[in-house]
Amino acid sequence: MGAGLKVAIIGSGPAGMYTAGALNTKCAGCEIDILDKLATPYGLIRTGVAPDHQTTKNVSRAYDKIMENGNVRFVGNVSFGDDISLETLQSLYDVVVFAIGTPKDRSLGIEGEDKNGVFGAQTFVYWYNGHPEFRDAVPHLEVENAIVIGNGNVALDVARVILSTEGEMQASDLVDHAGQHIFDSPLKSVRIVGRRGPEHAQFSTKELGELKDLETATVITDPELLPRNFTHEDAKTEKKVKNNLALLEAYSENAPSEDKRSLYLDFLLTPLEAVGDEQIRSLKLEVNRIENGNAVGTGEVIEVPCDLLVTCIGYELTNVGGLPVENGVVKNTDGRVSDGLYVVGWAKRGPSGTIGTNRIDSQNVVDLILEDHCGGPDPEKPGSAGLDKYCKENQIHTVSFEDWQKINQAEQDRAGDESPRKKFVRKRDMLTLLSED
Ligand SMILES: Cc1cc2nc3c(=O)[nH]c(=O)nc-3n(C[C@H](O)[C@H](O)[C@H](O)COP(=O)(O)OP(=O)(O)OC[C@H]3O[C@@H](n4cnc5c(N)ncnc54)[C@H](O)[C@@H]3O)c2cc1C
């Protein structure tokens, strides 16, 4: 079906890669260009997944295999909306698929959120993962009391990474500029704060359990907040929550000590106001109770010292290049946006699920694409050759998959003994490396 289609996929994260993989399998002779604004492929696998979770990043080997197909090209360093417009893309390709993720942090919407020391998770995570646009996003970590808002795995990642030691990060690809600040930080306490109760937290048991291994921090939670005899209609959910509660039970037996830092898991609190001058100094929170599964404010307000606030409460897409955006995603019906235009991944359904969730989602959208374009390619559309001509005329220095492999190799060559890579954190350094070559 649709043999020989010329397709542009914008974004080389998991959703874009699974789309390319499914198209390559199902559409004979198709021509696939995967454009990305970065010079490096694979989206949040490089810039989101925690630097000490290298096994998770191994999925990129499967993406390499997709890139190595002769009819699939990586065209890095081309930013949709800046370097190339929707109109141009549609004049070049039969099908354009957006896989650009949800690159903006959702805001808490509280007073004082614009103070220094307040960061969204994506900004913070991009910083310690070496995303070139966020190299200087966090100026220092001269802080003693951090609060991380959110009860998902990203909140656990942030807390674990800022509490880690140089030894604990030796086998990671944490970037140097972040490592220097993290290892020298006078940080004494980190609080992970959730609006609802421990039984509602989205933490995976594996990530929650990892916290007990932190060398310099004790994990503490309030035993009073742990529900007894938890049950759930869904057996899988019940098992997961019970496993989490067992870990929290163990953490609730810990107490703060002089020789270790404290990592508190706090529940039933809603942030109200970031207090301070230009810099956040404390956070006001309202104590909640649960009514019919929802957090309801009790009116009781507490104020907690805080000189670093990281909000891990989700992400959204905002207007880019004239795409129709609604509720933080590209407006679509099952991935269809308009004639010849599709969306996949987080840009389609919002920031939820694991890396694998994007696979099924992309496969379903590819089925729709092939159904809509069963007549095959439009002979007027030049595809890859047209993109090359456009980039040349507009002096866009594209980065190919072979170029990325050179960057990849150079990063591995300059890494320490245990670390998998020492990332380049400026695009210009990557381009210089390629031009020297
Ligand atoms: C901090 C964090 C940690 C995570 N850790 C895990 C984990 O450990 N395990 C797990 O299963 N899931 C994890 N996830 C979820 C997982 O990363 C997502 O499910 C997945 O990355 C979504 O894929 P995507 O392709 O839709 O978006 P992304 O991965 O965000 O990819 C989007 C791509 O589009 C490119 N792009 C954006 N705008 C443009 C533009 N204008 N022009 C050209 N290109 C553009 C970006 O550079 C990027 O390469 C994590 C998510 C976050 C935020």
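Predicted model: local features only at pLDDT ≥ 70, side-chain atom pairs only at ≥ 80, totals over all residues.
The protein has 437 residues, for which a compact globule would have a radius of gyration near 22 Å; the value for the model is 23 Å, which agrees. The C-alpha trace spans about 70 × 50 × 40 Å along its principal axes. The secondary structure consists of 15 helices and 19 strands. Of the 437 residues, 43% are buried. When contacts between residues at least 6 apart in sequence are considered, 75% of them join residues at least 24 apart.

Two domains are given by the domain assignment. Domain 1 is made up of two segments, 6–103 and 317–436, while domain 2 covers 105–314. A distance of 32 Å separates the C-alpha centres of domain 1 and domain 2. Contacts between the two involve 18 residues of domain 1 and 20 residues of domain 2. On the side of domain 1 that touches domain 2, seven residues are nonpolar, four are polar and seven are charged.

The largest nonpolar core contains 114 residues. Those that touch the most other members are V7, I10, V97, V148, V158 and A159. Helix α7, residues 153–162, makes the greatest contribution to this core, with seven residues. Because domain 1 (6–103 + 317–436) and domain 2 (105–314) both give residues to the core, it lies between them. In soluble globular proteins, nonpolar side chains tend to be buried together. When neighbours within four places in sequence are left aside, A159 is in contact with V148, V190, I192 and L263. Of these partners, V148 is also listed with A159 among the core residues that touch the most other members.

Methods. Residues numbered from 1 in each chain as written. Domains from an automatic or database assignment. Contact = placed C-beta atoms within 7 Å. Nonpolar A, V, L, I, M, F, W, Y, C, P; charged D, E, K, R; others polar. Core = buried A, V, L, I, M, F, W, Y, C linked by C-beta atoms within 7 Å. Buried ≥ 20, exposed ≤ 12 C-beta atoms within 10 Å, placed from the backbone. Helix = DSSP H or I, 4+ residues; strand = E, 2+ residues; numbered from the N terminus. Rg over C-alpha atoms; globule rule 2.2 N^0.38 Å.
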